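Please read this briefing with the sequence and the 3D structure side by side.

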Amino acid sequence: MHPNIHLLGPFKIPWLKAPRVVRVYAPPPTGSPPPVLFMFDGQNIFDDAPSFAGGWHLHRAADELVARGQPAPVIVGIDHGYAHRVRELAPFHGRRRGQAAHLIRWIARDLAPKIRREFGTRGDVAGTAIGGSSMGGLAALYAHFHRPDVFGSVLCMSPSLWFARGKIFPYVAGEPRPWTSRIYLDAGAREGVWAQTNHMAHHLRGRGWADADFRWVPDPHGHHREQDWRRRAPGALEFLFAAPGQASRAA
């Protein structure tokens, strides 16, 4: 395991079925508090071993930022609940009652203060991001609008916007724009979520999100799988966390 990745817990999260491990990447100290990125599906975002389909290697993407002299976040991966994953990450009620609001409340109330104390992260909204892919991407986008007082940025890859008959669309449309908001959104042309994600991108553009605070990456070769999220991850991190004036690249 990468020397800068730490295992915390397991934690008992209210309303969720089983205790959960949290995996934390801490970049080398720079003398200033780093931003923080909370990620769903923690088993998948770092090394290959815990993931059924290979990891995202987000720690390597963050190391690349450090090597180029750019800010890198503390990355906090919250393990999913395997058979209970979809229910835990669902913001809305489908066949079962969605539990994402409970998980997001725990992150905001319990986990974020712990990470701030132990890893010295920033505590401001602009320095706090949340992210994920597929159902995790849906949950992350929901979290940004549900708790704009906590999460000022969102990393949203191939989100399952179709879930619960697309309830995320009227939900986002009905919420005010967060006062601090930076959104990275992507999808692959070879996966079923592309059209709806493109629709969400147009909605956000229409409401005033501009290049400085919004990036939509339609990947012409992308599939719904870990290796494609891994490939796009460096560009996503660079967009969300690059210092002002530093060039940001597309994924």
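Contact means heavy atoms within 4.5 Å. By that definition, residues 24 or more positions apart account for 72% of the contacts in the chain with a separation of 6 or more. This is a predicted model: local features need pLDDT of at least 70, side-chain atom pairs count only at pLDDT 80 or more, and totals for chains, interfaces and linings use all residues. Residues are numbered from 1 along each chain as its sequence is written, and side-chain values use heavy atoms, with hydrogens and water left out.

**Whole chain**
- The chain has eight helices and eight strands; helices (H or I, at least four residues) and strands (E, at least two) are DSSP runs, numbered from the N terminus.
- The radius of gyration of the chain is 16 Å, close to the 18 Å that the globule rule gives for 251 residues, so the chain is as compact as a globular protein of that length. This radius is taken over C-alpha atoms, and the rule is 2.2 Å times the number of residues to the power 0.38.
- The C-alpha trace spans about 45 × 45 × 35 Å along its principal axes.
- Of the 251 residues, 57% are buried (under 20% relative accessible area, with a 1.4 Å probe and protein chains only).

**Residue Q99**
- Q99 sits in the loop between α2 (85-89) and α3 (100-119).
- With a relative accessible area of 9%, Q99 is buried.
- Leaving aside neighbours within four places in sequence, Q99 is in contact with W15, L16, R87, E88 and A90.

**Aromatic pairs**
- The structure holds nine aromatic pairs. Rings of Phe, Tyr and Trp (its six-membered ring) pair if their centres lie within 6.5 Å; planes under 30 degrees apart count as stacked, over 60 as edge-to-face and the rest as tilted.
- F38 and F151 form an edge-to-face pair, 6.4 Å centre to centre with 80° between the planes. F38 lies in strand β3 (residues 36-40) and F151 in the loop between α4 (135-146) and β6 (153-157), so the pair ties together parts that are 113 residues apart in sequence.
- F38 is buried at 2% relative accessible area, and F151 is buried at 0%.
- Y142 and Y171 form a tilted pair, 5.1 Å centre to centre with 40° between the planes. Y142 is in helix α4 and Y171 in helix α6 (residues 168-174), so this pair ties together parts that are 29 residues apart in sequence.

Technical notes: Buried < 20%, exposed > 50% of the residue type's maximum accessible area, 1.4 Å probe, protein only.
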